[in-house]
Amino acid sequence: MKKSEIFVVKKSEIFLELLVGVTALGALVAGGALFAFSSFVMPALRSVDAHAAITSMQAINVEAPRSALMLPLVGSALTAIAAGIWAAISRPDGWVLAVVGCVGVLASFAVTAIYHVPRNDAFASVSATDAAAWASYEAGWTVWNHVRVALYLLSGIVLAVAAVLPATNAVDTAQ
């Protein structure tokens, strides 16, 4: 095998690796942003009175869907669908990692769509003086946020490995 033949890769393979890599990046960014909520935003809101916590969280819930956070949340879900299907169809090796990572991203997005969005929408009408509503909302919201953080971060790591694995295998087999 000639040295020039070692690094001959089809364009479609390169695009798939880029798509898997972009999905990994989106998952890691989304997981990092949501980690901020688990690690200091929700604890900070727990440290203030219920009125301040409720009005702050209601304001956050109005702003979040309009923010740049939607790009990695929605973008990684869309690229996960494409990358997962493409990898399952076209990749002879390493497709399992890509598909597992993509399923993890979609599971995290599902937690957002099925749990957080309806809960946030319902919380919009809560009275700012309802301390019991805040306590109930905060406890469940935070637990499920931890779940989606873990899913996004683990999926991002798996996808990052899946993105570079074919290149490392090609170099290993060429030697």
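Leaving aside its neighbours within four places in sequence, which residues is Leu73 in contact with? Setting those neighbours aside, Leu73 touches Ala30, Leu34, Phe109 and Tyr152, where contact means heavy atoms within 4.5 Å.

## Before we dig in

Keep in mind that this is a predicted model: local features need pLDDT of at least 70, side-chain atom pairs count only at pLDDT 80 or more, and totals for chains, interfaces and linings use all residues. Residues are numbered from 1 along each chain as its sequence is written, and side-chain values use heavy atoms, with hydrogens and water left out.

## The nonpolar cores

Leu73 is one of the residues that touch the most other members of the largest nonpolar core, along with Val20, Val105, Tyr152 and Leu159. That core has 20 residues. A nonpolar core here is a set of buried Ala, Val, Leu, Ile, Met, Phe, Trp, Tyr and Cys residues joined through side-chain atoms within 4.5 Å. Buried means under 20% relative accessible area, exposed means over 50%, and partly exposed is in between (1.4 Å probe, protein chains only).

Helices α2 (11-46), α4 (70-90), α5 and α6 each supply at least two residues of this core, and α2 gives the most, with 7 residues. Helices (H or I, at least four residues) are DSSP runs, numbered from the N terminus. Apart from this core lies another one, of 15 residues, among them Ala50, Ile54, Val126 and Trp141.

## An aromatic cluster

A search of the whole structure turns up 5 aromatic pairs. Rings of Phe, Tyr and Trp (its six-membered ring) pair if their centres lie within 6.5 Å; planes under 30 degrees apart count as stacked, over 60 as edge-to-face and the rest as tilted. Phe123 and Tyr137 have ring centres 3.8 Å apart and planes at 15°, so they count as stacked. Phe123 sits in α5 (residues 95-123) and Tyr137 in α6 (residues 131-174), so the pair ties together parts that are 14 residues apart in sequence.

Trp134 joins in too: its pairing with Tyr137 is tilted, at 6.0 Å centre to centre and 35° between the planes. Trp134 and Tyr137 are both in α6, 3 residues apart, about one turn of the helix. Together, Phe123, Trp134 and Tyr137 make one aromatic cluster. Is Trp134 buried or exposed? Trp134 has 7% relative accessibility, so it counts as buried, and Tyr137 counts as buried at 3%.

## One salt bridge

How many salt bridges are there? The count comes to 1, with a salt bridge taken as a side-chain nitrogen of Lys or Arg within 4 Å of a carboxyl oxygen of Asp or Glu. The partners are Glu138 and Arg46, whose closest N and O atoms are 2.4 Å apart. Glu138 belongs to α6 and Arg46 to α2, so the pair links parts that are 92 residues apart in sequence. Glu138 is buried, with a relative accessible area of 10%, while Arg46 is partly exposed at 43%.

## Along helix α6

Ser155 is another residue of α6, and it is buried, with a relative accessible area of 5%. Leaving aside its neighbours within four places in sequence, Ser155 is in contact with Gly101, Gly104 and Val105.
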